[in-house]
Amino acid sequence: MFDALVVKFGKAAVVETGLSVAAYSVCSISMVILNKLVIDSHGFNFPASLVFFQALSAFVLVLFLKRIGVVEFPTMDRQLLIKWIPLTMLFTGMLGTSMLGLRTMSVSITLLIKNLALIMIAIGDNLLFGHYLDRWVLLSFALMILGSVVGAQQDPWVTPWGLFWNFLNVFCTTGYQLYMKGMLNEAKKSLGKWGPVYYNNMLALPPLLLPTVFAYDEWSVKLVESGSIARVWLTLMMLVGAVMTMASFWCMRMTSPTTYSVVGALNKVPLALLSMYIFDQYPNMYGALGIFCALAGGVLYTIVNVRATTDAAQKVKRERETEDLDVEKQLAPLSAVETTHTRY
């Protein structure tokens with residue numbers, strides 16, 4: 001398989017694709033672990049300020065890369081800016097509610113509930129864009145819902161506020177994905193690969209600035225009182241948050257959307273295991289069964305999507321081959337006539 005990829009894309013492209021997938025996987029797993037460490041384990045409970053500094057780090061990084069010529073994106077016009085604001089608000093809400101949910105819940109149960117966003121997005125695709133839901137997709141939904149219910153009921157770290165923030169995160173994630181797909185396809189094309197990174201983070205800064213400034217006395221004192229290890233985790237979280245955005249779009253650029261979704265789904269398995277070990281939050285037998293069931297549903301949903309995407313690509317290829325054959329058949333008599341005229 002590797003040899004076939006090398007022949008098709010070249011060794012350098014295959015290596016870069018592998019690096020982009022590895023970078024995205026490491027950053028996405030590290031981001032969740034670091035958020036949990038900073039907010040829960042070290043008590044730095046200032047989600048708006050943390051999101052602000054993450055957005056600022058990503059904004060400065062992509063701006064710096066543009067200055068040195070590594071990335072490019074065009075200037076945004078006013079109409080596009082107005083369309084982008086709701087998307088940025090959903091993006092900010094998605095990050096903020098994720099941190100608030102992690103503060104009071106275990107990472108494993110948080111991942112299970114976030115799986116429900118896949119269901120909401122798929123239903124939205126079906127209602128808004130006519131995307132077909134077959135029986136295997138519905139089976140994966142059933143596994144995810146069953147696993148979430150069983151896991152959440154038996155998990156000792158489940159709290160009412162944690163459930164509230166996690167379900168709100170599901171709605172923010174769903175709105176973000178559907179809004180991006182339904183209204184900003186043209187905007188994404190005009191902005192290129194790196195424009196969304198720049199404008200998402202740039203527009204997120206003003207609404208996050210006020211709560212960051214108002215809470216300055218509290219979080220600055222907490223930062224001074226925190227130990228050196230806490231400050232190290234906080235610094236790493238800022239750096240990984242900035243690189244995460246770039247790694248995500250790098251992976252999307254080097255792979256297909258299907259591969260990107262597969263990587264995201266498979267990341268949840270090592271993330272769940274790592275979080276149990278790091279935070280000593282091991283589930284009981286029923287909780288483990290719920291986690292396994294929900295993760296299996298997520299993997300099944302990913303496999304079904306991969307198969308559907310492959311089948312659709314093969315169908316398009318067959319249709320193109322059929323059209324080419326029809327054109328050749330139509331041109332064959334003309335070629336024969338031209339040959340006859342040439343002889344005489």
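Which helix does isoleucine 278 lie in? A few friendly notes follow, starting from there.

This is a predicted model, in which local features need pLDDT of at least 70 and side-chain atom pairs count only at pLDDT 80 or more, while totals for chains, interfaces and linings use all residues. Residues are numbered from 1 along each chain as its sequence is written, and side-chain values use heavy atoms, with hydrogens and water left out.

1. Isoleucine 278 lies in helix H12, residues 257–279; helices here are DSSP runs of H or I with at least four residues, numbered from the N terminus. Its relative accessibility is 40%, so isoleucine 278 counts as partly exposed (buried is under 20% relative accessible area, exposed over 50%, partly exposed in between, with a 1.4 Å probe and protein chains only). Leaving aside neighbours within four places in sequence, isoleucine 278 is in contact with Ile33 and Leu37, where contact means heavy atoms within 4.5 Å.

2. The largest nonpolar core has 79 residues, and Leu50, Phe141 and Met237 touch the most other members. Helix H2 (residues 11–41) gives the largest share of this core, ten residues. Such a core is a set of buried Ala, Val, Leu, Ile, Met, Phe, Trp, Tyr and Cys residues joined through side-chain atoms within 4.5 Å. Beyond its neighbours within four places in sequence, leucine 50 contacts residues including Val38, Phe44, Met99 and Met237.

3. Helix H9 (residues 195–214) has 20 residues, which at 1.5 Å a residue should span 28 Å; its end C-alpha atoms are 30 Å apart, so the two agree. The expected span is 1.5 Å times one less than the number of residues. H9 has a kink of about 40 degrees at leucine 208, shortly before proline 211; the bend is the angle between axes fitted to the seven residues ending there and the seven starting there. Buried residues of H9 include Tyr198, Asn201 and Leu208.

4. The axes of helix H3 (residues 47–67) and H9 come within 8 Å and cross at roughly 145 degrees. Axes are lines fitted to C-alpha atoms, for helices over the stretch in contact, and angles run from 0 to 180 degrees between N-to-C directions. Among the residues making the contact are Phe52 and Phe59 of H3 and Leu205 and Pro211 of H9.

5. Lysine 66 is also found in H3, and at 28% relative accessibility it counts as partly exposed. Lysine 66 and tyrosine 198 are 9.9 Å apart in space, C-alpha to C-alpha.

Terms used
Helices (H or I, at least four residues) and strands (E, at least two) are DSSP runs, numbered from the N terminus.
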